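Thanks, everyone, for making the time this morning.

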Amino acid sequence: MTVSKWLAASVFVLSTAAPLVASAADYPNAPVKFVVGFSPGSTIDTVARIVGEALSARMKQTFVVDNKTGANGMIAARAVAQAKPDGYTILVSNSSSITVNPLLYKDLQYDPLKDFAPVTTVMSVPFILTINAENPRVAGVTDVKSLVALAKRNPNTISYGSAGNGNLMHLAGAQLAAMSDVQMLHVPYRGAAPMEAGLLSKEVDFGFDTLSGVPLIKAGKLRALAVSSADRWHDLPDVPAVSELGYPGFDISFWVGIFAPAGTPQAVVDRLNREIAAVTQDPDVRARLAAQGNPLTQSPQAFRQKIAEELKQNEALIKRANIKID
């Protein structure tokens with residue numbers, strides 16, 4: 001289904017769904033399940049547990065994390081899409097499951113706009129454009145300009161790694177190549193950690209690394225050229241954003257967001273939104289979240305609009321780069 005059809009379908013569902021009687025005042029009066037599509041210890045899982053613990057204390061009700069791993073988060077998303085829309089089964093997801101997977105997988109079994117009621121983002125996380133300065137193939141590269149110049153002199157030779165075909169790291173590299181009008185070689189790995197190992201072992205020339213690369217950057221084992229978000233990352237204040245370097249509008253980050261099944265009473269969605277926004281302002285909670293990314297909440301309406309815009313952006317990028325899942 002194209003993005004335009006998703007948008008039309010979502011409007012239809014929102015206008016025709018029969019409301020369920022519920023009172024936000026007494027919600028929740030039973031344990032709430034946070035369904036996470038990634039393993040314990042992952043960024044998504046960690047954020048879910050931080051927010052769940054804070055909500056449990058604030059709302060005097062248990063919030064538990066249920067890890068339904070596999071298929072890049074799609075198993076968890078399907079489970080919540082098919083769950084009873086009463087506010088007691090909630091998806092905590094990364095952006096890929098919502099704004100990338102639907103554009104690449106045919107048998108998704110959920111619609112990103114029709115099957116969910118967006119509650120809020122919790123945080124956004126940039127990628128770091130990183131090289132191994134000891135790699136002789138990128139000798140002399142000190143910034144994005146010199147990296148692109150090298151790639152232009154050696155078309156289809158300078159390689160970038162990613163955590164997998166169609167992963168957001170892949171899209172970030174493809175976006176840089178497209179905006180630079182240069183041909184680069186994509187090398188997919190089976191995860192972010194193997195990609196990082198590929199940088200260290202000089203298998204690939206650069207990559208948009210996760211925040212796990214920050215200690216390696218600070219130790220001098222990797223060199224950060226830029227961050228992929230619109231703003232600089234607070235832990236690397238001297239590293240510019242790609243958008244500062246002649247690439248206006250370059251902004252590819254992954255976010256962690258909260259979703260209820262479509263049809264969940266708006267009063268419940270709004271209550272969750274307010275309570276999550278409140279707990280993320282707590283200094284201790286905010287500090288724990290800041291170790292994972294940039295804390296960021298917004299209204300359900302703004303979140304839905306963000307998803308629609310990212311679907312359009314990613315659809316265009318995937319088509320331009322001819323990205324396909326085998």
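Before I start on the strands, one term: two strands count as paired here if DSSP finds at least two bridges between them. Please also keep in mind that what you see is a predicted model.

With that in hand, take strand β4, residues 116-126, and strand β10, residues 253-261, which run antiparallel and are joined by nine bridges; one of the pairings links Pro-126 to Ser-253 in β10. Both strands belong to an open sheet of six, with mixed pairing, whose order is β2-β1-β3-β10-β4-β11. At its edges stand β2 (63-67) and β11 (294-295), and because each has a single partner strand, one side of each is left without a neighbour in the sheet. Helix α10, residues 266-279, lies across β2, β3, β4 and β10, and runs at about 25 degrees to β4.

Now to the core. The largest nonpolar core has 102 residues, and among those that touch the most other members are Phe-34, Phe-116 and Phe-208. Helix α2, residues 43-59, supplies the largest share, eight residues. Domain 1 (32-125 + 254-320) and domain 2 (128-251) both contribute residues, so the core lies between them. Beyond its sequence neighbours within four places, Phe-116 is in contact with residues including Leu-91, Tyr-110, Phe-259 and Arg-304.

Methods. Residues are numbered from 1 along each chain as its sequence is written. This is a predicted model: local features need pLDDT of at least 70, side-chain atom pairs count only at pLDDT 80 or more; totals for chains, interfaces and linings use all residues. Side-chain values use heavy atoms; hydrogens and water are left out. Helices (H or I, at least four residues) and strands (E, at least two) are DSSP runs, numbered from the N terminus. Contact means heavy atoms within 4.5 Å. Axes are lines fitted to C-alpha atoms, for helices over the stretch in contact, and angles run from 0 to 180 degrees between N-to-C directions. A nonpolar core is a set of buried Ala, Val, Leu, Ile, Met, Phe, Trp, Tyr and Cys residues joined through side-chain atoms within 4.5 Å. Buried means under 20% relative accessible area, exposed over 50%, partly exposed in between (1.4 Å probe, protein chains only). Domain bounds come from an automatic or database domain assignment.
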